[in-house]
Amino acid sequence: MALQFNVVERQNPQTKEKKWYASTKLTGSHDLKSLSQDISQVSSLSAGDVYNVIMNLCDVLPKVLMDGNSVKMDGFGTFRLSFSSEGAANKDDVSAGSIKDNYILFDAVDAIKEKVRKTKVNPA
């Protein structure tokens with residue numbers, strides 16, 4: 001199945017010029033229950049076991065990341081925390097107060113990136 005897209009008009013906030021862009025069309029969503037059921041179909045675990053493992057991952061992952069660790073999941077990718085900060089003219093002027101917008105970065109493994117790159121795209 002190919003990924004679908006819509007064509008949408010967007011305005012550049014700086015120049016006010018409008019242009020048309022391709023925008024991903026989502027055709028649905030997959031919740032944790034349905035994902036657990038799908039994974040159970042290709043493993044020896046029940047959907048409940050898979051669900052439990054994923055929920056435990058959701059509990060543990062933030063703690064590990066907040067300790068300053070990256071989390072590498074073989075065959076999937078790596079998670080790490082990052083943030084943006086205000087710039088300062090002098091090194092001594094940079095403090096924890098300079099930090100804003102904490103966020104999580106995820107870098108998928110090359111095999112997943114390659115599958116995504118090869119995705120066919122069709123208009124909706």
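The structure is a predicted model, in which local features need pLDDT of at least 70 and side-chain atom pairs count only at pLDDT 80 or more, while totals for chains, interfaces and linings use all residues. Residues are numbered from 1 along each chain as its sequence is written, and side-chain values use heavy atoms, with hydrogens and water left out.

**Helix α1**

Helices (H or I, at least four residues) and strands (E, at least two) are DSSP runs, numbered from the N terminus. A residue is called buried under 20% relative accessible area, exposed over 50%, and partly exposed in between, with a 1.4 Å probe and protein chains only.

Helix α1 covers residues 32-41, and its buried residues are Ser34, Ser36 and Ser40. Viewed down the axis of α1, these buried residues fall within an arc of 160°, so they line one face of the helix. The arc is that of the directions from the helix axis to the C-beta atoms. The buried residues of α1 pack against α2 (47-66). Here, contact means heavy atoms within 4.5 Å.

Ser40 belongs to helix α1 and is buried because its relative accessible area is 14%. When its neighbours within four places in sequence are left aside, Ser40 is in contact with Leu45, Ser46, Ala47 and Val50. A polar atom of the Ser40 side chain lies 2.7 Å from the backbone oxygen of Gln37. By contrast, the C-alpha atoms of Ser40 and Glu17 are separated by 49 Å, although these residues are 23 residues apart along the chain.

Leu35 also has its place in helix α1. Leu35 counts as partly exposed because its relative accessibility is 37%. Together with Ile39 and Val42, Leu35 forms a nonpolar patch on the surface, with about 270 Å² of accessible area. Such patches are made of residues with over 30% relative accessible area and no salt bridge; like charges are joined within 9 Å, and nonpolar side chains (Val, Leu, Ile, Met, Phe, Trp, Tyr) within 5 Å. Accessible areas come from the Shrake-Rupley method with a 1.4 Å probe, and for residues only the protein chains shown count as cover.

**Salt bridges**

Side chains of opposite charge can pair when their charged atoms come close. A salt bridge is a side-chain nitrogen of Lys or Arg within 4 Å of a carboxyl oxygen of Asp or Glu. The structure holds four salt bridges, and the table lists some of them.

| Pair | N to O distance |
|---|---|
| Lys100 and Glu86 | 3.2 Å |
| Arg117 and Glu114 | 3.3 Å |
| Lys118 and Glu114 | 3.9 Å |

Salt bridges that share partners join Glu114, Arg117 and Lys118 into one network. Within it, Arg117 and Glu114 both lie in helix α3 (residues 110-117), three residues apart, about one turn of the helix. Glu114 is partly exposed, at 32% relative accessible area, whereas Arg117 counts as exposed at 57% and Lys118 counts as exposed at 62%.

The side chains of Lys100 and Glu86 meet in another salt bridge. This pair links distant parts of the chain, 14 residues apart: Lys100 lies in strand β5 (residues 99-108), and Glu86 lies in the loop between β4 (77-85) and β5. Lys100 counts as partly exposed at 37% relative accessibility, and Glu86 counts as partly exposed at 44%.

Technical notes
Polar contact = N/O pair within 3.5 Å; in protein donor to acceptor, adjacent residues only side chain to side chain.
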